[in-house]
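Morning, everyone. Please have a look before I start.

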Amino acid sequence: MKIGCHLSSSGGYVAMGQTAVSIGANVFQFFTRNPRGGAARAPDAADEAAFRRFARENAIGPVLAHAPYTLNAAGADERVRSFASAVMLDDLKRLEAIPGAMYNFHPGSHVGQGADKGIELVASLLAGVRDRFGDSPATTVLFETMSGKGSELGRTFAEIRRLIDAAEAAAGKGAYNLGVCLDTCHVWDGGYDIAGDLDGVLAVFDREIGISRLKAVHANDSMNPLGSHKDRHEKIGKGRIGIEAFRRIVNHPLLADLPFYLETPCDLQGYREEIALLKEMKK
Ligand code: FE
Ligand code: FE
Ligand code: ZN
């Protein structure tokens with residue numbers, strides 16, 4: 001089972017790899033830079049090289065890099081979008097050093113411009129990043145499913161599909177390897193009943209997006225009821241989704257081979273226990 005959690009990137013890649021191993025994880029996620037700011041630590045080629053060896057030796061990966069929350073590719077303000085573009089370009093360039101890495105970002109908030117306009121802005125931003133990148137990034141780029149708070153894009157699977165189609169039309173097919181990260185708290189808060197009807201929700205995902213686009217799962221319980229559009233993560237089994245739902249999620253044939261990343265309100269010991277719990281539930 002590929003399972004891990006969100007880790008602090010303050011010590012670099014090898015430190016994250018060592019922490020992952022110490023809590024029973026074989027994958028991990030990290031913020032590419034301060035989630036609420038822009039500055040990234042200076043790239044450290046020695047750390048990257050040491051991590052590539054460490055990951056091979058310890059069968060770690062795929063590593064999931066999470067874009068900062070401040071990245072809004074659908075913003076109305078030109079400066080917001082050029083910041084988003086600069087961050088994404090820099091993140092994708094850096095991630096070339098990490099084989100098999102995936103890059104997860106929140107599709108964006110249209111801030112009153114409407115979903116059509118927002119989708120168009122996201123697509124053209126991705127096209128611009130690809131142009132300045134100069135080649136197709138090796139890193140798979142994932143749209144995260146969102147809870148739909150405020151004017152967030154990506155609450156419905158249909159909207160994720162529109163984002164993928166628009167991005168491929170704007171950047172060119174094959175310009176990116178585009179996929180989806182399914183966040184269990186977000187889809188639940190967005191109105192998809194993964195506790196009561198996991199098969200049905202995945203059938204909708206397959207119909208609207210195509211299950212082959214699904215590359216990662218953010219495993220989080222939710223503090224709030226189905227369809228609440230709140231996005232408050234809870235520890236596994238302590239929220240409204242519930243432990244039995246997670247038992248079905250980790251064992252579902254369409255999900256079982258995907259990497260799972262916990263983003264629950266836990267310290268390292270808490271993550272160690274949740275990783276053990278999910279592994280134990282997996283048949
Ligand atoms: Fe996220
Ligand atoms: Fe998430
Ligand atoms: Zn969230």
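Let's begin with helix H5. Its buried residues are Phe157, Glu159, Ile160, Leu163, Ile164, Ala167, Glu168 and Ala171. This is a predicted model, by the way. Now, what do those buried residues of H5 pack against? Helix H4, residues 115-133, is one partner. Strands S5 (140-144) and S6 (178-183) are also on the list, and so are H6 and helix H7 (198-208).

An α-helix has 3.6 residues a turn, so residues three or four places apart point the same way.

Next, a length check. H5 runs over residues 157-171, which is 15 residues. At 1.5 Å a residue, H5 should span 21 Å. The C-alpha atoms at its ends are 21 Å apart, so the two agree. Just after H5 comes glycine 172, with a positive phi of about 100 degrees.

On to the metals. Which protein residues hold the zinc ion, ligand 3? The donors are His186 through NE2, Asp231 through OD and His233 through NE2. They lie 2.0 to 2.2 Å from the zinc ion. Along the chain, the donors follow the spacing H-x44-D-x1-H. Histidine 186 sits in helix H6, residues 184-190, while histidine 233 sits in strand S9, residues 233-234. The pair therefore ties together parts that are 47 residues apart in sequence. Is histidine 186 buried or exposed? Its relative accessibility is 2%, so histidine 186 counts as buried. There is an iron ion too, ligand 1, and 5.2 Å separate it from the zinc ion.

One more residue: threonine 264. You'll find threonine 264 in the loop between strand S10 (260-262) and helix H9 (268-281). With a relative accessibility of 4%, threonine 264 counts as buried. Beyond its neighbours within four places in sequence, threonine 264 has contacts that include Ala219, Asp221, Lys235 and Tyr271.

Now zoom out. The protein chain has nine helices and ten strands. Its radius of gyration is 18 Å, close to the 19 Å that the globule rule gives for 283 residues, so the chain is as compact as a globular protein of that length. The C-alpha atoms fill a box of roughly 45 × 45 × 30 Å along the principal axes. Of the 283 residues, 55% are buried. Take the contacts between residues at least 6 apart in sequence: 76% of them join residues at least 24 apart. The chain exposes about 11,500 Å², with 49% supplied by carbon and sulfur atoms.

That's my tour. Thanks.

Terms used: Residues are numbered from 1 along each chain as its sequence is written. Chains are lettered from A and ligands numbered from 1 in the order in which they are written. This is a predicted model: local features need pLDDT of at least 70, side-chain atom pairs count only at pLDDT 80 or more; totals for chains, interfaces and linings use all residues. Side-chain values use heavy atoms; hydrogens and water are left out. Donors are N, O and S atoms within 2.8 Å of the metal (3.2 Å for Na, K and Ca); water is not among the atoms, so sites may look incomplete. Helices (H or I, at least four residues) and strands (E, at least two) are DSSP runs, numbered from the N terminus. Buried means under 20% relative accessible area, exposed over 50%, partly exposed in between (1.4 Å probe, protein chains only). The expected span of a helix is 1.5 Å times one less than its number of residues. Contact means heavy atoms within 4.5 Å. The radius of gyration is taken over C-alpha atoms; the globule rule is 2.2 Å times the number of residues to the power 0.38. Accessible areas come from the Shrake-Rupley method with a 1.4 Å probe; for residues, only the protein chains shown count as cover.
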